[in-house]
Structures are given as structure tokens and as C-alpha cells.
Amino acid sequence: MAGALSGSRRSDAFTVILGIETSCDDTSIALLDAYTVRSLVTQSQLADHARYGGIVPEIASRRHIATIAAVHAAALDAAGAGAEEIRCVAVTHGPGLSGALVVGLNFAKGLAMGLGIPLVGVNHLEAHAYATWIGRDPSEHPEFPAVCLIVSGGHSEITLMRDHGDHRLIGRTRDDAAGEAFDKVARVLGLEFPGGPAIERLIDDGRDSHLTPFQLPRAMLEGTYDFSFSGLKTAVYRAKAGKLGPAETRRIFKEGGQTEFERGDASAHARMAAGFQSAVVDVLVAKTAAAAEEFEAKSVIVAGGVAANRLLRQKIRAAVGVPLHLPEIRLCTDNGAMVAMAGAFLLKRGRIASPDLDVDPNLRLASEPVATER
Amino acid sequence: MDEARKLTLALDTSMPTSSAALLNGADVIANRTWQAGRRHSMYLERNVRAALAAELDHVGIVAVASGPGGFSSLRASMAFAKGLCGALDTGFVSVSTPLALAYSSPADARSILTLVPAGSGQYFMQAFERRRGPQPLPGRDGIVGGLIKAVGECKLVPQTALHEGLTGPVYVAGGVNPDDLDSLREASNWPVEFGVQLIATGLARFVGLAAYADPEQAAPISAMTAVPQYMRGAGITAPVRGWARR
Ligand SMILES: [Zn+2]
């Protein structure tokens, strides 16, 4: 693509990348100029899915195809950019919902072909980590090896990023994703979807009364970096249904509140929410900190929707001894900017997609062979 | 019409055989067919590139079949078409699959019945009428087989009820199971003529033809808001959770 950037102030792979993200319920397109977001337009579908209590794949796909062209036009508009400024199109091709990925990937292919510029296929999980590169000076970027905690409604994993494009999965959830556990518990507590922000608000509302959180179990799964949140979630379910065993009851309601909780008192719900949140956060923090130590990480990255959780941000900062990298709040949830950022590094390494690139709903993080240029 | 950009690129992924065609007015310049199975994202671009050769700069309209058909396969080509239009700033035309099928009929067919197999012994059925015979279109330099208009809505009907819509001699266009065509002939009081199965040759060129002959009927909506025709069971079921759990 020589000549595509004539007159540009940079000659590297970083300007201007258009990033497209449709792996789940957000239709999001961004223009990224080096590490700066020129524009980010996200059409959230939350309202369409809220009444189902989760993401409905067919609804997601229908919303994506109905809005993607308008989101693209709005992103160009907001950046004040013409199509001729774009050097590369980056798109999430997995993991995610198959039908949703199809829309973004094919839109991206048509766009890149029409503009005569390269396309790069981005791994969504990797893109989450790259959200921490955005809006920061290169001197503040994560140093490798970095331990990444990627937590959202769809994923909960710890990876070791040894270099750009070189990831190793070192731990993951064995059942529910952390965000998913938040969603399920929020439902039991009569809160709306998505559960994470709803639970934080409920805890905030009860904060003034200095309520003691209930004591929920933490599944630490010794000897592994895997997580499990289903036991925790089930404990909340059973507490609500009055079906806890005597030992469990004594532990969870050590400081009282059982009757109030079963009755549905708001303050008791807030105590359960707080107990649940600290249990999840404690597990995430302990595993991440231990991984950082074992793998002698030079930095820790926490990304994904759950990275917006304030308690997690606070506790992880205190627990790790190396520089911690958190995305801006708006870049925690799925967005086109993180896809563009990951795409810039792919482009730099020459990893241009073939026209045959397909969606891969179960795409895993890959370890590329060590690049010869380094 | 912009002379430099007078070509139509037409795409169809609503039929079991996908196709892409490049047309100059009513004339087909290139035609590609392929079997994508479920891997629509994988085969689309490569075939579009092959159909286009180096003519991308001369494309003024991207026409895409809007179904009915498989939801994801329809969205693949429609998303591709929208992306291409976003880059080239070309016109976007969405053509219903039955309308494109109707344009595959010979110029002397007056009454046309289009059938798209929908599985489980069912068909998407829509009737059309040819309003005028073959003629040059005003302001266009090709000759097309008249102007074709829909008679009623597209419906999902069981194979046993196909004859109920017939009120005269009819030309049937589409992909029809031979047994179903036999019973349609038997049940009908009128002659039934069956057209070419478009399985091998692809529908895209007729998508392009319909877009050329009658762009207004073909395109009631713009690229910004166009969606496929979702005619089958809604497919909207319980939410998935933990879809990316590994
Ligand atoms: Zn995500």
C-alpha cells in the first residue's frame, strides 16, 4: 500500500486505522490516529436485549446489519475524516457470536476492498488488552511480559502477553464469566441487565448506612489460575430460596440479616451485593497478582467490561507490585477503538488478512512464531 | 447516468448456490457461482473480486438479493455490499429474491409464480405479472424483458397448497423439488411451465437485471437502513450467556 499515506505526518502503521467491532451486542466503529481516538461511535443494543436478561444472538445480528452503515458514516463524520485518510481496516473476527461477527467482517471486507486498503482480522480478547495502549504516551505503554486479566460478560481469562501477538492463556473460568455471574446475581436481587453496574449502584445506595457485607465463599482453586464463579452464584440463589445448609447459613449470615434478605429488604440486598462483589474481586485480584509474580511480569493489564468495576480497580492497584494498566472507562466495554489499536500492531507486523478470512466464534489467543525482524 | 460508473455489481447468497455478477445495463459481463455451505464470509470476497476483474472503478450500483433465505448468509452479502457502498459511494439496491427470480422468466411469460424452497416441505411463494413486453427502457441503453410487478405478498406456504394461488397459465421460476412440481401440475386447472433451475447458473445476474429494469421497486430503502427479509420463524430464542467461555 505504498503511497497511501503520502502527506501523512507518520509513515508507520498507526495512522489512520478504522476499527470495527460487532462480536456481541455493540455495533462500534472508531478511527484511531496513532494512539488517539479520532472518533468512536457505538450503537448499543442493551435496551433490545434487556427484557430477555441476556444477549439474544439473532436480535444482535439483526441490529448490527440494520445499523452498521450508519455507525460507519457517523464515525467518519465525527472524525471529520474522509475515506481517503484511512490506511487499514481492522475487524474483530472472533471470538463471539457467529451471526454478529459475520456482519462486521463482511462490512469490513467490502469497505477495505472498495478503498483498496489492507484488512486485518483481530482477536477480540487481544483487542481488550490493547485498550490500555489508547490515549497514552508510548512511554506509558505496558512493558512485556504483561499479565492480562480480561474480564467481561463473555470472558474471564488471565493471559501472559510476552510480546505483540504472543499470548499464552494461563487461566480461565471453568464455568461462568465474571460479568455473567454479576448478571445472574443481579437478577436474583431484582436488578436489571447488565448486572455489573446495577450491583455497583445498589452497593452505593447502601454505602451511607455502613452495612456489613455478607460473607460469601471464594473458590480459590489451588494450583491453577482458573476461576470458578458458579458456586458463589449458587450460594446466592440458595440463600434467596432459603435452602442453605446450617454451616453455610452460619458463615454467610454470621452478622445477621438472613430474615431481612429472604424477605427482600433493600439493605439486605445491598449487603448480599457487596458480599458477592468482594468475593468475585478477591478471586480475580489474588489470581492476577499471583500470576504476575510467578511469570515475573513487568506490567499488569486489566481490561474488559468488568475492568470498569471500582472495587476491582482499587484492589488490583494495591495488590500488584508492577505498573498497572487500566483502560479509560469508556474503552472497557466492547468498542471499535481497541480493535483498531490491535489492528495497528497486526499491520505493523504485516499480518494482513487474506480475502478468505472467516469468522471464528471460538477463536483463541495465538502465539505467533517469533518475528524475524526482532 | 454516470458513464464512467455505469456497471452494476450484483450479489446473491439467498439461494443454495451463491453468485456474483457484473452487468452493463442488462448485459451480463461476468458471472460467478459457488457453494459456500455455511462459510459465506470465506467465499464472498474472492468471488466478487473474480467477477469484477479490474472494473471496480466503473461500478455505479451494488445490488444485493435481500431474501428470504438463510439469515446469516443474507447478512453476509448485504454487509459486504454496504461496506463496498460506504467505500465507493455508489448506489445501493436491495432486490427481493422472488423479484430477481421473476426476472429470470422468458419475455413472453405473462404470469409468473416464484418459489424459493424453505425446507420442511414449504416454499416462499410470490406471484408476479409482466406489465409490458421486451423494450428499451427510457434513459437506459439496454433492453430488458418488460417491467414486472408483484401481485400480492411473499408467503410461506406448504407444498400441498402451491396450486391455490393459480388463476391462469403460469410460468414457475425458482428451485422446485420435481415431485412438488408434478403435484402442482396435477392440482392446477391451468398449464404450468417450469423455468430453469437457477442452482447451477446463479441468481445474481437477475438481481442485477431487476435493479436495472426497475430500481424503484427493487430498492425501497437505502444502504443505511436496508435489512434482509426475515420471513421464517423468528429464530429469537433464549439468550446465550457465556458464549465466549473457554
Ligand atoms: Zn468483549
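This briefing covers a zinc site, a helix pair, a sheet and several backbone features in chains A and B. The model is predicted. In chain A, a zinc ion is held by His124(A), His128(A) and Asp334(A). In chain B, 5 strands form an open sheet with mixed pairing.

**Zinc site, chain A**

- Three residues coordinate the zinc ion: His124(A) through NE2, His128(A) through NE2, and Asp334(A) through OD. The distances run from 2.1 to 2.2 Å.
- The donor spacing in sequence is H-x3-H-x205-D.
- His124(A) sits in helix H4 (residues 124–130) of chain A, while Asp334(A) sits in the loop between strand E10 (324–325) and helix H12 (336–348) of chain A, so this pair ties together parts that are 210 residues apart in sequence.
- Both His124(A) and Asp334(A) are buried.

**Helix packing, chain A**

- Helix H5 (residues 178–188) of chain A packs with helix H7 (residues 230–241) of chain A at an angle of about 5°. Their axes are 10 Å apart.
- H5(A) and H7(A) are therefore roughly parallel to each other.
- H5(A) brings Lys184(A), Val185(A) and Val188(A) to the contact. H7(A) brings Lys233(A), Val236(A), Tyr237(A) and Lys240(A).
- Sorted by class, the contact of H5(A) with H7(A) has 4 nonpolar residues, 3 charged residues and no polar ones.

**Thr249(A)**

- Thr249(A) lies in helix H8 (residues 246–252) of chain A.
- Thr249(A) has a relative accessible area of 16%, so it counts as buried.
- Beyond its neighbours within four places in sequence, Thr249(A) is in contact with Leu244(A), Lys254(A) and Gln258(A).

**Sheet, chain B**

- The strand order is E10-E7-E6-E11-E12 (chain B).
- The edge strands are E10 and strand E12 (192–194) of chain B. Each of these pairs on one side only.
- On average, neighbouring strands of this sheet are turned by 25° against each other, direction ignored.
- Strand E6 (residues 111–119) of chain B and strand E7 (residues 122–130) of chain B run antiparallel and are joined by 8 bridges. One bridge links Ser111(B) to Glu129(B) in E7(B).
- The hairpin of E6(B) and E7(B) has 2 residues between the strands. In this hairpin, Ser120(B) takes a positive phi near 50°.
- E7(B) also pairs with strand E10 (residues 148–158) of chain B, in the antiparallel sense, over 8 bridges.
- Met125(B) stands opposite Lys155(B) in E10(B). Phe128(B) stands opposite Ala150(B) in E10(B).
- Helix H4 (residues 178–187) of chain B lies across E7, strand E11 (170–174) and E12 of chain B. The helix runs at about 160° to E12(B).

- Pro95(A) is in the loop between strand E4 (88–94) and helix H3 (98–115) of chain A.
- Pro68(B) is in the loop between strand E4 (59–65) and helix H2 (71–88) of chain B.

**Positive phi at alanine**

- Ala34(A) is not a glycine, yet its phi is positive, near 55°. Ala34(A) lies in the loop between strand E2 (26–33) and strand E3 (36–44) of chain A.
- The relative accessible area of Ala34(A) is 4%, so Ala34(A) is buried.
- Ala53(B), also not a glycine, has a positive phi of about 50°. Ala53(B) lies in the loop between helix H1 (40–52) and E4 of chain B.
- The relative accessible area of Ala53(B) is 63%, so Ala53(B) is exposed.

Methods. Residues are numbered from 1 along each chain as its sequence is written. Chains are lettered from A and ligands numbered from 1 in the order in which they are written. This is a predicted model: local features need pLDDT of at least 70, side-chain atom pairs count only at pLDDT 80 or more; totals for chains, interfaces and linings use all residues. Side-chain values use heavy atoms; hydrogens and water are left out. Donors are N, O and S atoms within 2.8 Å of the metal (3.2 Å for Na, K and Ca); water is not among the atoms, so sites may look incomplete. Helices (H or I, at least four residues) and strands (E, at least two) are DSSP runs, numbered from the N terminus. Buried means under 20% relative accessible area, exposed over 50%, partly exposed in between (1.4 Å probe, protein chains only). Axes are lines fitted to C-alpha atoms, for helices over the stretch in contact, and angles run from 0 to 180 degrees between N-to-C directions. Angles under 35 degrees count as roughly parallel, over 145 as roughly antiparallel, 65 to 115 as roughly perpendicular and the rest as oblique. Contact means heavy atoms within 4.5 Å. Ala, Val, Leu, Ile, Met, Phe, Trp, Tyr, Cys and Pro count as nonpolar, Asp, Glu, Lys and Arg as charged, and the others, Gly among them, as polar. Two strands pair if DSSP finds at least two bridges between them.
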